[in-house]
Amino acid sequence: MSAVLRIPTVLRPAMGGATTISVEGTTIGAVLSDVTERFPAVKGQLLNDDGTLHRFLNVYVNDDDVRYLGGVDAPVVDTDEITLLPAVAGGAW
Amino acid sequence: MLATCIRALPDEGCGLLLGTTPGVVLDVVPSANVAHSAKVYEIDPKVLLRTFRRADDEGLEVIGVFHSHTHSPAYPSPTDIRQAPDPTWHYVLISLLSVPADVRSYSVVQGQVAEEEVRVEEGTGSRVDD
């Protein structure tokens, strides 16, 4: 058994086209490592070079933003649903 | 959208566009600007998650985003273009530089900006044409 990862529309073409996939790992960092090994093309959109979460990526475990759960150290259990959503940001600059 | 942007002053205002493709906006979802800035905006991550889930539940799609420019024209800035998250989205810009506010919509595909026609259709949602 494994957790479910919900993939945003914009990342689906580089991740096989699926809406959701099963993922392995007991932390968000481990889950994202699993994802980037399977889909190397999205690595730069998920993680920084130092392994921290990309500034413009929101990651949620169920209803909670992982920034408030320890970032890449946030725990994941088999029944969790993980959602990736690119940040929506910009501005006049 | 305009009310959200005026309420957000002096900061930029922002929100998401919920609707159907191609380009029919059925609801506008205001968001706090979590960047708390007059020069940049960021949709509240909680609003983002809630709106995507609502879209799934109601058979709709998040089809774009609006935000204000408080002191510059209604045209995507280099930041807007660089950070545009989805090439299928409609990017609505509201300039509060003059009265009345200037409201325009754009597509941003691989850094290329194209303006779209905006039509307001009473009672049927608003259409943003490609």
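Student: Which residue of chain A forms a salt bridge with Glu42(B)?

Tutor: Arg55(A) does, with the closest N and O atoms 3.1 Å apart. A salt bridge here is a side-chain nitrogen of Lys or Arg within 4 Å of a carboxyl oxygen of Asp or Glu.

Student: Before we go on, what am I looking at?

Tutor: This is a predicted model, where local features need pLDDT of at least 70, side-chain atom pairs count only at pLDDT 80 or more, and totals for chains, interfaces and linings use all residues. Residues are numbered from 1 along each chain as its sequence is written, chains are lettered from A and ligands numbered from 1 in the order in which they are written, and side-chain values use heavy atoms, with hydrogens and water left out.

Student: OK, how many salt bridges are there across the interface of chain A and chain B?

Tutor: The rule finds 3.

Student: And which elements of chain A touch chain B?

Tutor: β3 (57–61), β5 (81–86) and β6 (89–91) of chain A each give two or more residues to that side. Strands are DSSP runs (E, at least two residues), numbered from the N terminus. β5(A) gives the most, with 4 residues.

Student: What about β6(A), what does it join?

Tutor: 3 bridges join β6(A) to β3 (residues 40–42) of chain B, and the two run antiparallel. Two strands pair if DSSP finds at least two bridges between them. Gly90(A) has Tyr41(B) as its bridge partner.

Student: New topic. How many residues are in contact?

Tutor: 21 residues of chain A are in contact with 26 residues of chain B. Contact means heavy atoms within 4.5 Å.
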